[in-house]
Amino acid sequence: MYEESVRSGDPTAEQVAADLTAVVRRLVRRLRTTSPDSRLTPSQRSVLSRLDGEGPSTTAALARAEYVRPQSMRLTLGALEEQGMVGRTPDPDDGRQSVVSVTDTGRSTLAAVRAAKRGWLSEAIAGELDGAERRTLAEAAALLERLVERGE
C-alpha cells in the first residue's frame with residue numbers, strides 16, 4: 001500500500017489520501033473492538049463523548065451536532081438514560097425542553113472505554129515499532145493534527 005508508493009518516488013496527494021483513509025478506517029474499527037463491553041453503540045458513545053467534552057445540551061442541539069433527526073437522538077438519549085449514563089434537567093431558558101448532561105456513571109464508562117483503546121494502541125506501538133518508527137509515528141500524528149485543524 002503506502003510503503004510501495006513511497007519506494008517508487010514521491011506519492012501523489014491522492015495516493016496518500018486513499019491510503020490514509022483506508023488505514024484510519026481499519027484503525028478506528030480495531031479500536032472499537034478493543035473497548036470493554038460498555039453496552040454502548042457507536043452513536044451512544046459519540047453522544048456521551050460530546051456531552052462529556054462540550055457540556056450539557058438539548059436534544060435538538062445534539063441532533064444537529066451529530067447530524068441525525070431529533071427523533072433518532074431522543075431514542076439514543078433514552079437508551080443512555082436507561083443505563084444511567086445521562087441525566088435530564090429542565091432547560092432554564094425554555095421550560096418546554098430539557099438539558100441533558102453526562103452522569104458520573106457515564107464518565108466512568110467513557111474513561112474505561114478510552115483507557116482500553118489507549119492501552120491496546122500503546123501495547124501495539126511498543127510491541128511493533130522501534131524508537132525511530134515511534135518518532136516517525138509521532139511526527140505523522142502531528143501532521144495529521146495540523147490537517148485536522150486546517151479543516152476546523
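How many bridges join strand E2 (residues 86-90) to E3? Five, with E2 and E3 running antiparallel.

## Ground rules

This is a predicted model, so local features need pLDDT of at least 70 and side-chain atom pairs count only at pLDDT 80 or more, while totals for chains, interfaces and linings use all residues. Residues are numbered from 1 along each chain as its sequence is written, and side-chain values use heavy atoms, leaving out hydrogens and water.

## The sheet

Three strands make an open, antiparallel sheet in the order E1-E3-E2. That puts E1 and E2 at the edges, each with a single partner strand, so one side of each has no neighbour in the sheet. Helices (H or I, at least four residues) and strands (E, at least two) are DSSP runs, numbered from the N terminus; two strands pair if DSSP finds at least two bridges between them.

E1 (residues 57-58) pairs with E3 (residues 98-102) over two bridges. Valine 100 in E3 is the bridge partner of serine 57, and arginine 88 also stands opposite valine 100.

## Helices across it

Helix H3 (residues 42-54) lies across E1, E2 and E3, at about 95° to E3. Helix H5 (residues 70-82) lies across E2 and E3, at about 110° to E2. Contact here means heavy atoms within 4.5 Å; axes are lines fitted to C-alpha atoms, for helices over the stretch in contact, with angles from 0 to 180 degrees between N-to-C directions.
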